[in-house]
Amino acid sequence: GAGESGGINDPAYLANLDRFVTWLRAQPEVTHVNALPDIIKRLNRNMHGDDPAAYNLPEDRELSAQYLLLYEMSLPYGLDLNNQINVAKSATRVVVTVKSLTTVQLRAFAARTHAWQRDNALEPMYAEATGTAIMFAYISQRNIISMLFGTTAALVLISLTLVVALRSFKLGLVSMVPNLAPAVVTFGTWSLFVGEVGLASSVVTATSLGLIVDATVHFLSKYIRARREHGDSPEDAVRYAFHTVGTALWVTTAIVVLGFSVLALSDFTVNASMGLMTAFAVASALIIDFVMLPPLLLAVDRRRDFVRPRPDTEKGDAHAPA
C-alpha cells in the first residue's frame, strides 16, 4: 500500500519498495521477484536512449506517473496492469518466487519479510504475505497441532472406554501401547526414508487410529474372555486369543493394507503419501499386536488364579491357585 490514491508514483514509496525488492533478491530462498520499480527504472532508461546509467527511479512524482501512463498505453489491446496495480493506484503487487521449501522454511521466510517491513518500510506499505504456498504452510501447521491434540484426546478416551469395557484398569493402560506404537513406528520409518510430512500425511494417525484400535480390542476381548469365563492362565488366554481372532485379524489387515496401497500408485502426492503411510501403520499395528501385546499382557497380568475351572476339566485334574 501507498497510503493514498495515486501514491504508487511517489518517489519515496518507489524508493522504499525498491529497497524491499533488493533485499528480497538477496535472500537465498528467492529465485525471482516481479515488482513495479523494475518497470519504472526500465522505462526511465528507455527514455534516456537506453543509457545504463539511467536505470534508476525518477525523483519527480509527475514523471513517474507519465512513465506509468505511457507503459499502460503501449500495452497490446485487452491487456492492462490490474494484475500488478489496483485501480486507484494506491497499492502494487510484489510477486516473489521461491525455491521448493518446507512449510517450516516458508513460514520462517515469511516472518523475515514481515520483520523487514516493520523495521524499514513506510507504515502503509506493511502487508502480510499471501498465496497458495503460504496458505498451506500455515494450514499444515495448525492441522498438525490440532491432530496431535485430537489424537491424544481420542487415545485417552478410547483407553478409558476400554478400562470400563474390560473392567480392568491395567489392561486399559496396556492397550495404549499397541494403539500408540504404530504411529511412532510409521512416522519414524517415514522420517528415515522421506524426511517430510505433508498435509495429508499428518492426518494418518487420526485416520488409522480406528483400524489400529479395532485389532487391539478384538485381541484383548478374547484374552479377557479366556481369563474370566474359561479360567485360563495368562499363557493359555494368549493362545486362545490367537486361535480365535488371529486368522481374522490377518485377513482383515491384509484387505485394508492392499486397499490403501492402491492409493500409493496415484500421481497425486497427497493421495499417494496418505495411502502408503496408512497401509504401513495398519500393517505395523498388526505386528505390534501379535509381537508386543502378548508379552505385555503376561508381564502385567501375573495372577494365576482362575475364576472357575474349564467345563471340560476332568475330575482328577484340579487347578490350584499359584
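Arg25 is partly exposed in this predicted model, with a relative accessible area of 41%, and its side chain meets that of Asp38 in a salt bridge with an N to O distance of 2.4 Å. Arg25 belongs to helix H1 (residues 11-25) and Asp38 to helix H2 (residues 36-46), so the pair ties together parts that are 13 residues apart in sequence. Asp38, for its part, is buried, at a relative accessible area of 11%, because a value under 20% counts as buried.

Side chains of opposite charge can pair when their charged atoms come close. A search of the whole structure finds 7 salt bridges, and the table sets out some of them, including the pair already described.

| Salt bridge | N to O distance |
|---|---|
| Asp38 and Arg25 | 2.4 Å |
| Arg225 and Glu229 | 3.4 Å |
| Asp236 and Arg239 | 2.7 Å |

For the salt bridge between Arg225 and Glu229, the accessibility values place Arg225 as partly exposed, with a relative accessible area of 36%, and Glu229 as partly exposed as well, with a relative accessible area of 38%.

Asp236 and Arg239, which form a salt bridge, both lie in helix H9 (residues 234-263), where they are 3 residues apart, about one turn of the helix. Asp236 counts as partly exposed at 34% relative accessibility, whereas Arg239 has a relative accessible area of 52% and is therefore classed as exposed, the cut-off for that class being over 50%.

Key: Residues are numbered from 1 along each chain as its sequence is written. This is a predicted model: local features need pLDDT of at least 70, side-chain atom pairs count only at pLDDT 80 or more; totals for chains, interfaces and linings use all residues. Side-chain values use heavy atoms; hydrogens and water are left out. A salt bridge is a side-chain nitrogen of Lys or Arg within 4 Å of a carboxyl oxygen of Asp or Glu. Helices (H or I, at least four residues) and strands (E, at least two) are DSSP runs, numbered from the N terminus. Buried means under 20% relative accessible area, exposed over 50%, partly exposed in between (1.4 Å probe, protein chains only).
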